[in-house]
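Follow along with the sequence and structure open.

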Amino acid sequence: MQRSARGSSPRWLLRLFIVGLLGIGVSVGMAPAASAEDLQLTVRVQDEERNAIPGASVTVEAPDGYSAAGTTDDEGLALIPVSANTIVTVTLDEATVTQPVIEGNVREVSILTRDKTVIFRLGEGGGGGGGSGITLERVAQLLVGGVVLSFVIALASLGLSLIFGTTGLTNFSHGELLTLGAFTALVLNTAAGINIIIAAPIAIIISAALWGWGQNQFLWRPLRRKGTGLIAAMIVSIGLAITIRYVIVFFFGGAPKSFEQFAGQTPIDLGIVFVTPKELILSAIAIVVLTITVLWLKGSRLGKATRAVSDNPALASASGVNVERVISTVWILGAGLAAYAGVFLGLTQNVVWTMGQYLLLTFFAAVVLGGLGTIGGAIVGSFVVGITVQLSTLLVPTELKTAAALFLMIILLLIRPQGLLGRRERVG
Amino acid sequence: MDFGFILSQSLTQAIGVTAIIYCLAAIGLNVQFGYGGLLNFGQVAFVAVGAYAVGATVISVGSSLWLGVAIGIILAIVLALLLGIPTLRLRADYLAIVTIAASEIIRFAAKSSDFLGGAQGTTGAIGADFYALNPLPEWDRFEFGPISFTRVDMWVVLVGWCLIALVTLLTWALMRSPWGRVVKGIREDEDAVRSLGKNTYLFKIQILILGGVFGALGGMMSAISRGSVQPDGFVPDFTFFLYVMLILGGTARVMGPILGAAIFWFLLVFVEQVLKEGVSSGLITFISTTQIGPIRFILVGVGLMLLMIFRPQGILGDRKELMLDAR
Amino acid sequence: MPADTTIGTTAVAALAELQPEPGIAKPDPILIADHVVRQFGGLRAVDVTHLEVQRGAITALIGPNGAGKSTFFNVISGFDTSDEGSWTYNGQTITNTAPNTLARKGLVRTFQLTKSLSRLKVIDNMRLGASGQTGESIFPAVFKFTWGRQESEITERAMNLLERFNLAAKAQDFAGSLSGGQRKLLEMARALMLNPDLIMLDEPMAGVNPALKQSLLDHIRDIREEGTTVMFVEHDMDMVRDVSDWVVVMAQGSIISEGTPLDVMRDPRVIDAYLGAHHDSALTESGQSLTESTSKEADA
């Protein structure tokens, strides 16, 4: 999520100030155009599998007559200087690429006060977003995309739901557990040069220990001891989410990154749908992980204790359950599952500091739809949300696909506040 | 390092347009959350409605700004009713999730609406009617010690602070009244207030409307002063920053959001400028200029956590009163 | 507030004539409940066939833990929704009516876990109780001259009640700084600001120190003497025996016995219910007195 206009307004005011000092009358309405091209527009050209396309020519034109051109390098990137507070037209020369450009070869981009990125995707547009009209192929393809997304959501929401169930915390930094997991894997993968197949499990273990156990041990547990209220804790989690996000930007920058391996894969044709092998394998692992987790929660002693604490912490504690140990376990589990979701998302899409934040509301939607604090509910809810997000693009513009899931959540909350699988609560 | 410059920058920002916009929205949040205990995480939706109302009325429809202001207030009330009537019966944490979801739905919808300018938003002379009323003398700069504004800015800032004064006065008058007593009672324990014969639901809708209209006023100021309305300016972080300001200043204090917004922007700009000067003058070598932006927001995040943990009553809050907080 | 002191005595006298059996009709009932059922999952937490509450008397609702007393209270007072049944108050049907509507009709309740409004001053807690305040409407609220006068009248009435409940010295303190017992007193005083006809007290003695208990009992009697009907849920048998005119016993959601305190304590069904429940310490050896051990529990 960009902070765009407001996050950067100090700079905007600074510019206004300087311009004012120079004695040039400026209308506040029309923010001044700085004469120097001090911002950078990154044009990224890639195919549907996000493979970089080098050698594509792009031109950039601004209304003030400014124009610049560039050609994409081996990473599929062309860096073009632009000035702030303008709207530029970016054109990709179709003659320099071999495949058609999805969603057109001309884009309008508003440049405010920070660098921007424009992505051109090449291909037939069969990858889910493109095409129009409701055809069997399209529905099937979206359904597959929805199921894949559902696994990511389910992995994260299960932890969110368990943490809520055992501690009552509405954790607004749960998305960052996913992001942290992905970046941990990225560091192991790109900086330490470990193949992602090995780096991923290590990252999951590190995440479970550091971001899960550690976070609980050094932040939430002391707060519980201090008797911090649930609303206060919720606001603390917002502060934590903001902190984590910008620490990541500080060290890694804002641009999306990919793992070294499996970045580009040719989808395999399964009759009416296309799926990449990595999506199949990651989904299969997700099924195994989710099944084991659910069986463990239902069967093992610690799992039963977890559910007992979710039901009634005081009663569980009185019957000899070590509540703190259960909470610790839940954080470890939650962070581990979220880290896998992060690796999953990082492999199928890319690794970026906002990846968890973008999905956070879908996690909430999943958990609330299923019934806050229920295990089966979180998973059922995830599939409802994931599939709704994808299938909704049949009817509404792509920008609104997440909105569709959120809308569904709100409607369900109004009709059935306890969620699909939740129980009616006892009042008083 | 030129501290004079840094200080004048920071002070200008502390009373400047951005602080005014956030301040209005934060006063609204103070009515809802500070006094009424309503966990509204979607305050930015009201800001967006205000901004888009004037933006679209002037640019897309080509009508008068004042019509846009009226439409903005009406739409804020409508949004409060749409949001409040079904959701104000929900538990606090559900309300938080629903309001944040609603604000995102509105942002996504604005982004996909051609009428509202899509992802690019609406840009143009939104504030022309407003600037035409500028009675200030035709000076280049208006200087007050280290702070100075252009004529146009001066007018915006002047009107902005008058608006804040008005809204604050209204809040003060309401909160000392029996109406305010019921609202504060709802924050403490809604069931107790219901058991005393008050229709708490009605009061909650009223505070949602009131706070929402204040937020919409902030949005209008933003659209007028910036001459543009961008959908991605209305992300949930906007609301979160409002919480930082509110808690910094002191919740349920009439002056809390004003002090909070001013200090927030002062600190943010101060830190940014110090780091910038430090980097460019070679005093700070371990970070690059692109890392200054994130540092500011790390400070916001850490600040919010530390405030909430160690001084949740903020600057103006009463420690004694806070100790009684059972939430 | 009707100050006819004879109401209480005649009501009590009338009760003494009645047969002690569940669901018996009262000569002048203020509240009548029929077939009230509240289920949680498969559990019938409340299943009350018929209950009448005598006007002007003090009625106690007792029973072992989990008997459904508080749930029944919640349902009647509008804080919970019944699955079946209907009930009337002063002859009006008030089935599943919102609590704020009930309070305006004169049916006011207090809570087991006191709901004093911590970060409001004691005096503001009291003022909040007054009904019909002009200043509670948003537009007049802005202008003090529209409500200032009413406010002083309310304050005067509130101070008088605080005097009576020995809380006048605390008027300007935050309610959160009061002790548990003082909060119970405040809550009761605040409820009286509404001039109720029927006041429902949920465990008024829970968490109150013994020194304050006597004073609480006196206040409850005073409330009856002023003509207000009192109904309360209680564990403390001392209190039940001392203060109540009529006792209703619930077990497993239903009413198993009704009568004067003496009648009820002799009733073998009541003894069984208390002994059968895990509330094992409820009775002394003879079964005649339900005193000491329960009162200890209520303190805990």
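Q: How is a nonpolar surface patch defined?
A: Patches are made of residues with over 30% relative accessible area and no salt bridge; nonpolar side chains (Val, Leu, Ile, Met, Phe, Trp, Tyr) are joined within 5 Å, like charges within 9 Å. Accessible areas come from the Shrake-Rupley method with a 1.4 Å probe, and for residues only the protein chains shown count as cover. A salt bridge is a side-chain nitrogen of Lys or Arg within 4 Å of a carboxyl oxygen of Asp or Glu. Here, Ile197(A), Ile198(A), Ile202(A), Ile206(A), Leu210(A) and Phe262(A) make a nonpolar surface patch of about 510 Å².

Q: What should I know about the model itself?
A: It is a predicted model: local features need pLDDT of at least 70, side-chain atom pairs count only at pLDDT 80 or more, and totals for chains, interfaces and linings use all residues. Residues are numbered from 1 along each chain as its sequence is written, chains are lettered from A and ligands numbered from 1 in the order in which they are written, and side-chain values use heavy atoms, with hydrogens and water left out.

Q: Where is Ile202(A), and is it buried, partly exposed or exposed?
A: Helices (H or I, at least four residues) and strands (E, at least two) are DSSP runs, numbered from the N terminus. Ile202(A) is in helix H5 (residues 196-226) of chain A. Buried means under 20% relative accessible area, exposed over 50%, and partly exposed in between (1.4 Å probe, protein chains only). Ile202(A) has 33% relative accessibility, so it counts as partly exposed.

Q: Why is Glu272(B) classed as it is?
A: Its relative accessible area is 7%, so Glu272(B) is buried. Glu272(B) is in helix H12 (residues 256-280) of chain B.

Q: How is the size of an interface given?
A: Often as the accessible area lost when the parts come together. Buried area here is that loss (1.4 Å probe), summed over both parts. Chain B and chain A bury about 6200 Å², with 72% from carbon and sulfur atoms. Contact means heavy atoms within 4.5 Å. In those terms, 69 residues of chain B are in contact with 64 residues of chain A.

Q: How many salt bridges are counted between chain B and chain A?
A: The count is 1. Asp237(B) forms a salt bridge with Arg245(A), with the closest N and O atoms 2.9 Å apart. Helix H5 (residues 92-111) of chain B gives the largest share of the side of chain B that touches chain A, 15 residues.

Q: What does the interface of chain B and chain C look like?
A: About 3000 Å² is buried between chain B and chain C, 64% of it on carbon and sulfur atoms. The contact involves 31 residues of chain B and 34 residues of chain C. The rule finds 5 salt bridges across this interface. Arg181(B) forms a salt bridge with Glu151(C), the closest N and O atoms being 2.7 Å apart. On the side of chain B that touches chain C, H8(B) supplies the largest share, 8 residues.

Q: Which helix of chain C is mostly covered?
A: Helix H4 (residues 122-129) of chain C: 8 of its 8 residues are buried. Among them are Asp124(C) and Arg127(C). The buried residues of H4(C) pack against H8 and H9 of chain B, together with helix H6 (148-164) and helix H7 (180-192) of chain C.

Note on methods: Buried area = accessible area lost by both parts, 1.4 Å probe.
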